Amino acid sequence: MQLRSPRADIVALALLVGLGGIFAVYFILPFAGLGERAISDGRVWELTRSSEVRAALVLSLWTSVLATLLAIVLGTPIAYWLSRSSFPGRSIVDALIDLPIVLPPTVAGVALLTAFGTRGLVGEPLDELTGIRFTFTSTAVVMAQLLVAAPFYVRAARAGFTSVDPQLERVAYTLGASRVETFVRITLPQARAALTAGIVLCWARAMGELGATLIFAGSLEGKTRTMPLAIVDAFERTSLGLSGAVSLSIILLVVAAVVLVFFRAVTPDDRGSAWR
Amino acid sequence: MMRLRRHSLALVVGLLSVAVVSCGDDGSSDANEGALAGNVVVSAASSLTDAFTELAETFEGIHEGVSIELNFGSSSSLASQIVEGAPAGVFASANQAQMQVVADAGLANDPRVFAQNRIVVVTPADNETVQTFADIAADGVRLVLAGAEVPVGDYARQAIAAADAAEPGFEEAALANLVSEEANVRAVLTKVELGEADAGVVYETDAAISGDAVRVIPIPSEYVSPAVYPIATVGEDPSEVARAFVAYVLSPEGQAILAKYGFSAP
Amino acid sequence: MALSFDARLHLGGFDYEAAFDADDEIVVLFGHSGAGKSVTLQLIAGLLRPDTGRIANDGRVFFDSASSTNLRPQDRHVGYVVQELALFPHLSVAENVMFGMDGPRSERQRRASALLERFDLGGFEDRAPRSLSGGQRQRVALARALGREVPLLLLDEPFSALDDSLRRTLRSELLRVRREFGLTVLFVTHDLREAHLLADRLAIFDQGRILQFGPREEVFRRPVSRRVAELTGVANVLPGVVVARNDEHIQVDVSGLRLHARTSEAIGVGQRVEVMIRAERINLRRVEEAMPNVVAAEIRDEHAYGAGHTLWFRPLGDGPELEVDLPSRPYEVLDVASRKRWTLELPPEDLHVVAAD
């Protein structure tokens, strides 16, 4: 068949609808499965109120929020710097920050162990000098989340800052605004949508962190067993089995949905932002 | 899809220890007439990793058309997978309880005990904190166990409970030292090898693999009963290959390989 | 003297060196892109730092390499408007204008409103910049730059994104604003007509250097070099040799044609020179009269544009090829369309002679 013939477009349209449909169904089915289990298995609702689930949820929430805050505090300056400067080796710094995004989190866990483990690069002298150890602590959970999730924020923030016209900042300087004032009053508001998206991504990634946490922080209820670890743990336990895993998954799903809706609501639509 | 997900889950569960040895051909060659052909998924307890890897290789050497796919994990997670429909042909568990889970679902055919093992305390070679089993309850010891439903974790807790009967308060003190519940025996071992934990409870066979990296401290025999390993084909209509592999594990050749890795005969 | 500027800068492969001054006037910085015009504004605004030099306005030293003075852009009090305007999109018109002002908010609001009123933007205070037309945005940008009550306004091609009629309006508005506020204005453009219209004085930039700086007519009439002539649109730059000279009168041989001209420069007989005449300065005659500086020629090619015609002539005898601009009216009166051969007159007072490079 000729690409030029009118039939080509009809075939293309059919393909579009067909493939789009398959894709949509594929995305809906897993959630439908979760929902079906939740309805048919009475234990799922019981388990959502269990103390283990609550402990995992509380731990996951505070560690992921803390990791995200740290990502913002530590990541914003470097994201801004990367967006505004060019220097030899810049692409290497860029790649280094992106690295945890493309690496399996388990690698991040092993890497953390080699640096901050009891016999790690920093961990060993720190242990000897102060007795401080990271492994098996909630701190380790936050560290694992930070390493794996922060790049998502830095990437988004860097892109956000890059999209802000530097001319705006330069003009602000000539209008008497200090660099700090310019950043707060001009650059940040301009990059707000991108920053918000980065924060959500970062938080979601921290919330979902499993591999690095398992390796670096271990798994202990209330201390290091976050939601994803609790799901794995529940799945292994024949007494809870899939019911436990499903109930934890449902909770994660609800939390994620609430957060997404909330951020959609507070993030300015770019077109409307001028009407502040 | 289902199977894929399970596999990736098993991969995560067995993070540090799982070695999925997967052989290519889907039993395409049928050289000799009457020869075995086909492939089979063998789900085996983490503690069997090294022994079963060799068993599978030897078995494949004998039967040219056979390919064995090994899936290691904690017995509890393997049992969960099988009950939820994972396509395993053979299940080798590290305790009777997890085999019973599969049997209760009507999926295990005639489980037979094929090996025995013992649990021991391991401690990093250069760490003097723990000298005896009693020391794991000492103040400030960082103790790592497998999860309560993982067989080795279950055995360890049984031993601790038994010691508590002799010395009240031991169990509370020991479990207060618990810093992490790992997904399987190999993860426990790794945490000790790395020096992150002061002590962990693993099988004797696993401790032997670590060699000089860890020091082995026996647990007084009055506190422990031997760990028994049952094996069974899985499903209503087990394949020829699955049955042959189970028979091979129980045969003198199979037993010899298991003995090499420190397992004792049933 | 309001602004005095003298700076040298080496930036990557770009070598910059320029010095000029400006009073209460509009100085147009003219040249192609990359010539160093925008760099000049950035050096004055403090967005770029010279390697060496001295920049001062009304006695306030912005930069002086000798005394290691370098004021921050924030402290220079210079209005800076760029081509893209760089209005803050998330702020209202009034907030944009108030951005550079000091003082209590109500006071700043009052001043912003008053300023917007002067730019014919009363009532637009709460609008978003993107809801305004191009010309309105342009005026907001000007008002914002003047919000700090600056003595010096730097405009970097501010009108080039606008259409012609709007540019005309804004140019006259700029002239009015400059007078009302008593400002020194530096205006960067690559548009020759805009330069001609606005400039009190003109600086011709090329490859990081000022080739010529002076009153507008001076620069347009008397380019100091072939390059300046080309940049300022002198169509006829004719190489020749001086054959005679007395006092201020000079005779130059151009391709066998003898041209009479005036010059005060020290150019001697035998020297190679460039003779320049703008295309609109050449007269067309029907008959050959006995007078100097005429050449018989025929039309080789012609091109009509809105306001007039450009004609290219080939000499019938000795002489150079010439380009002539003729407005539509004389073109019709002379009935150029029906005749090929003409006598071209190059008035001596419009010929400009400089030594060849």
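Keep in mind that the model is predicted.

I'll start with chain B. Strand β8 of chain B covers residues 199-203. How many of its five residues are buried? Five of the five are, and the strand is mostly covered. It has strand partners as well. Strand β5 of chain B, residues 119-124, runs antiparallel to β8(B) and is joined to it by four bridges. In that pairing, Val120(B) sits opposite Val202(B). Strand β6 of chain B, residues 143-146, pairs with β8(B) in the parallel sense, over two bridges. There, Val144(B) is opposite Gly200(B).

Now chain C, and strand β4, residues 52-57. In a regular strand, side chains alternate between the two faces of the sheet. Which residues of β4(C) point to the buried face? Gly53(C), Ile55(C) and Asn57(C) do, and they are buried.

Strand β1 of chain C, residues 3-11, is antiparallel to β4(C), with six bridges joining them; Leu3(C) has Asn57(C) as its bridge partner. Strand β5 of chain C, residues 60-64, is also antiparallel to β4(C), joined by four bridges, and Ala56(C) partners Val61(C). β4(C) and β5(C) make a hairpin with two residues between them. In that turn, Asp58(C) has a positive phi of about 50°.

Note on methods: Residues numbered from 1 in each chain as written. Chains lettered and ligands numbered in written order. Predicted model: local features only at pLDDT ≥ 70, side-chain atom pairs only at ≥ 80, totals over all residues. Buried ≥ 20, exposed ≤ 12 C-beta atoms within 10 Å, placed from the backbone. Pairing = 2+ DSSP bridges.
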